[in-house]
Amino acid sequence: MDQVDEILSQWHRERPDLDVGPMGLLGRLARLYSHLTRAVEKTLADYGLNAASFDVLATLRRSGAPYALSPSALMATAMVTSGTMTNRIDQLEKTGLIKRQANPDDGRSTLIALTQQGHALVEAAVSAHVANQHRLTECLSAAEKQQLNALLATFLARFES
């Protein structure tokens, strides 16, 4: 029995007329998100990063060589406002992890690119991040991970399609 079961039990006692099943599902997702976020942030902090800065660096890294994207492409993957993305870019540029450069295909626009320092840092951080993800999910069997992933993909598709 977890804390969500206790909450559901209280609602069953106080409001037996309500079907609080979805409350259990969503409550567990919210609590799990909180635990996972803290664990991820702790690992990233070891590299001087937070989730927002790691997201920018990892997006540039996984885009492939030359590890450069337009600010709007970065913004689309992060689902944040242009002001938020500009702030993230400014902070990462100050630390020397990324640089703004002219777009060779369009002189009127700018690309955001990983610096050598940024590339080295994200390489180390993503390795630690993936190892941490394995650690966080090791309580599930391979079949359970596959089943949970399929269920969550179905659930997420309702909001993203």
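A salt bridge here is a side-chain nitrogen of Lys or Arg within 4 Å of a carboxyl oxygen of Asp or Glu. Keep that cut-off handy for the exercises below, and remember that the model is predicted.

**Exercise 1.** Work out which helices Arg88 and Asp55 tie together.

*Solution.* Start with the contact: the closest N and O atoms of Arg88 and Asp55 are 4.0 Å apart, and the pair forms a salt bridge. Arg88 sits in helix α5 (residues 82-94) and Asp55 in helix α3 (residues 51-62), so the bridge ties together parts that are 33 residues apart in sequence.

**Exercise 2.** Find the elements joined by Arg100 and Asp90, and say how exposed each residue is.

*Solution.* The two side chains meet in a salt bridge at 2.7 Å, N to O. Arg100 belongs to strand β2 (residues 98-103) and Asp90 to helix α5, so this pair, 10 residues apart, links distant parts of the chain.

**Exercise 3.** Classify both partners of the Asp17 and Arg15 bridge as buried, partly exposed or exposed.

*Solution.* The side chains of Asp17 and Arg15 meet at 2.7 Å, N to O, in a salt bridge. Exposed means over 50%. Asp17 has 55% relative accessibility and counts as exposed. Arg15 comes in at 37%, so it is partly exposed. For context, the structure holds 9 salt bridges.

**Exercise 4.** Describe helix α7, then track down its part in the nonpolar surface patch.

*Solution.* Begin with the helix itself. α7 covers residues 142-160, and its 19 residues reach 26 Å from first C-alpha to last, close to the expected 27 Å. The number of its residues that are buried is 0, so α7 lies largely in the open.

Now the patch. Leu25, Leu26, Leu29, Leu148, Leu152, Phe155 and Phe159 make a nonpolar surface of about 610 Å². The elements giving two or more residues to it are α2 (21-45) and α7. The largest share, 4 residues, comes from α7. On the other helix, Leu25 lies in α2 and is partly exposed at 47%.

How values were computed:
Residues are numbered from 1 along each chain as its sequence is written. This is a predicted model: local features need pLDDT of at least 70, side-chain atom pairs count only at pLDDT 80 or more; totals for chains, interfaces and linings use all residues. Side-chain values use heavy atoms; hydrogens and water are left out. The expected span of a helix is 1.5 Å times one less than its number of residues. Buried means under 20% relative accessible area, exposed over 50%, partly exposed in between (1.4 Å probe, protein chains only). Patches are made of residues with over 30% relative accessible area and no salt bridge: like charges are joined within 9 Å, nonpolar side chains (Val, Leu, Ile, Met, Phe, Trp, Tyr) within 5 Å. Accessible areas come from the Shrake-Rupley method with a 1.4 Å probe; for residues, only the protein chains shown count as cover.
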